[in-house]
Amino acid sequence: MKYVSRFYNFIVFAFLYSPIVVMIVYSFNGIKSRSVFEGFSLQWYKELFNDAVIMKSLYVSLLIAVLAAVISTVIGTLAAVGINSMKGFRKKLYLSVNNIPMVNPEIVTAVSMMILFVFIISKSNTLEMGFGTLLISHITFCIPYVTLEVLPKIRGMDNNIYNAALDLGCPPAKAFLKVVIPQIKPGIVTGFIMAFTLSLDDFIISYFNSGSTVQTLSVTIFSMTKKPYSPKINALSTLLFVTILILLVSVNLKQMRDDAKKKGAKK
Amino acid sequence: MNKNSKGLQRAMTAPFTVWMAIFIIIPIALVLFYAFTDANGSFTFSNILSIWEYRSTYIVSIELAFVATVICLLLAYPLAYSISRMKARHQQTMVLLVMLPMWMNFLIRTYAWMTILEDTGLINTLVKGFLSLFGYEFEGFAMINTNGAIILGMVYNFLPYMILPIYTVLTKIDHSVIEAARDLGANGLHVFTKVLLPQSVPGIISGITMVFVPAVSTFIISKLLGGGMTYLIGDIIENYFLGNTGEVNYNVGAALSLVLMVLILISMGIMNRFDKDAETSGGGLF
């Protein structure tokens with residue numbers, strides 16, 4: 001039984017990883033083929049770094065992801081504090097509104113915002129689809145994830161410490177910064193990371209809301225899939241995969257080390 | 001908490017309230033408005049009625065997404081179960097391995113399958129090469145641009161969304177309950193149907209939702225792996241808004257989106273009836 005389940009796990013993981021392995025192998029292909037491998041070469045990596053369109057869209061993606069993550073983390077965290085203090089219908093209403101972008105199919109969220117932007121733009125002469133609409137749309141779909149990430153941390157927080165700070169004469173705003181924020185920091189950090197990665201990975205929302213002047217990396221990749229095959233995509237994917245792998249492994253190693261330290265301290 | 005700080009906490013939702021009102025509520029109101037008006041802005045039912053033309057598209061989208069969801073569930077459950085029975089340290093690594101492909105760009109993952117499934121792609125080249133060793137001429141499998149390829153793309157992309165929630169509920173099941181059932185004479189099948197399955201319902205439901213909703217509304221997978229042979233509802237909506245292959249018509253596009261949204265809300269409402277704990281765990285009006 002044990003071997004059956006091991007074999008099964010192996011099959012599923014092979015399924016999950018085979019396309020990624022294929023992508024990586026063919027990024028080093030000496031010729032421009034998706035099936036025949038001839039000689040090891042780094043030429044596609046070289047071409048990738050010389051491709052101005054890809055590099056520009058990578059920059060746009062990173063900039064949007066950082067800005068969207070920062071802004072949605074601020075709005076989402078503040079909202080979580082407020083929602084936590086609510087009761088009854090009001091609380092339900094806020095949680096439901098927060099859930100809309102998570103429940104709705106992404107394409108519906110995308111086109112609904114696009115209708116709004118096009119509507120506003122049609123009424124003005126100066127505005128157009130571009131960086132601004134892209135950023136707004138990213139902030140919008142990131143906020144709910146931050147709120148839901150921070151909310152449980154606030155619920156689990158000891159309110160007496162905050163009240164004690166107030167009783168000792170600390171102004172509420174300062175008490176919030178010095179007492180509440182440090183206690184919910186893990187939730188804020190997770191929310192920020194989620195917002196950042198969601199924004200970086202997004203295609204559908206960007207595709208409808210970026211207009212024709214600005215492109216995120218996903219949109220660029222999409223237009224590359226419509227053109228004749230170029231192993232540049234493979235090279236790009238390989239680099240992205242390795243970056244993510246290093247990030248995830250280092251975060252996890254740090255966590256494991258922290259856990260081990262905690263255990264050691266308890267002993 | 002004193003009154004003053006309560007007021008402050010309420011005020012903290014102000015940016016959220018304003019933002020969500022403008023960029024979530026108003027856009028959805030606009031979808032409703034566009035769905036029930038014509039190009040001049042006067043009230044009409046014609047957009048909603050014209051959706052009848054697309055009934056077969058809705059049916060195909062739902063069919064493909066349904067098949068993909070069922071396959072995901074069947075693949076994910078045994079894996080999630082076996083991960084949940086591993087040592088804590090191994091569990092962490094396995095969860096990481098499940099999540100890692102999700103962090104790859106969605107388009108790249110789908111594109112990789114194009115490489116593999118194409119007529120001159122990896123599978124066909126390997127099979128042809130192998131058979132030619134024995135002197136056979138083989139034309140190759142027709143895999144790309146079929147509904148099968150679309151389902152494969154859906155299963156591949158959304159499988160982790162099924163594994164993770166099921167794994168989460170399975171780790172919460174107390175192993176001694178399973179042992180107790182066995183001691184009391186339950187066989188493997190009974191343990192599964194009477195103990196494991198009932199307790200994993202919430203995870204299965206969130207897994208189904210997380211796979212079905214993106215699958216039924218996708219337009220990328222059908223474009224890249226279906227080669228535009230099969231139009232899904234997402235493709236039609238995309239066309240009405242961006243007009244890549246047809247006329248731009250926000251009104252019909254909005255009506256199509258509205259129907260898709262309502263269909264999903266209804267199916268989620270039905271799903272949640274199976275989850276007895278939903279009322280206590282989630283706070284929502286829907």
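Two residues are in contact if their C-beta atoms, placed from the backbone, lie within 7 Å. By that rule, Met154(B) touches Leu64(B), Ala65(B), Ala68(B), Ala215(B), Thr218(B) and Ile221(B), leaving aside residues up to four places away in sequence. This is a predicted model: local features need pLDDT of at least 70, side-chain atom pairs count only at pLDDT 80 or more, and totals for chains, interfaces and linings use all residues. Residues are numbered from 1 along each chain as its sequence is written, while chains are lettered from A and ligands numbered from 1 in the order in which they are written.

**Chain A**

- Chain A has 11 helices and zero strands. Helices (H or I, at least four residues) and strands (E, at least two) are DSSP runs, numbered from the N terminus.
- Its radius of gyration is 23 Å, well over the 18 Å that the globule rule gives for 267 residues, so chain A is more spread out than a compact globule. The radius is taken over C-alpha atoms, and the rule is 2.2 Å times the number of residues to the power 0.38.
- Along the principal axes, the C-alpha atoms of chain A fill a box of roughly 75 × 65 × 35 Å.
- Buried residues make up 39% of the 267 in chain A. A residue is buried if 20 or more other C-beta atoms lie within 10 Å of its own, exposed if 12 or fewer, and partly exposed in between; C-beta atoms are placed from the backbone.
- Among contacts in chain A with a separation of 6 or more, 77% join residues 24 or more positions apart.
- Phe10(A) sits in helix α1 (residues 2-27) of chain A. Phe10(A) is exposed, because 10 other C-beta atoms lie within 10 Å.

**Chain B**

- Chain B has 14 helices and zero strands.
- The radius of gyration of chain B is 24 Å, well over the 19 Å that the globule rule gives for 286 residues, so chain B is more spread out than a compact globule.
- Its C-alpha atoms fill a box of roughly 70 × 65 × 30 Å along the principal axes.
- Of the 286 residues of chain B, 40% are buried.
- Residues 24 or more positions apart supply 71% of the contacts in chain B with a separation of 6 or more.

**Nonpolar core**

- The largest nonpolar core has 137 residues, and Met154(B) and Ile163(B) have the most contacts inside it. Such a core is a set of buried Ala, Val, Leu, Ile, Met, Phe, Trp, Tyr and Cys residues joined through C-beta atoms within 7 Å.
- Helix α8 (residues 147-172) of chain B gives the largest share of this core, 16 residues.

**Where the chains meet**

- 70 residues of chain B are in contact with 68 residues of chain A.
- On the side of chain B that touches chain A, helix α2 (residues 14-35) of chain B gives the most, with 13 residues.
- That side of chain B divides into 49 nonpolar, 17 polar and four charged residues. Ala, Val, Leu, Ile, Met, Phe, Trp, Tyr, Cys and Pro count as nonpolar, Asp, Glu, Lys and Arg as charged, and the others, Gly among them, as polar.
- Ile136(A), Thr140(A) and Ile143(A) in α6(A) meet Phe16(B), Trp19(B), Phe23(B) and Ile24(B) in α2(B). By class, this contact has six nonpolar, one polar and no charged residues.
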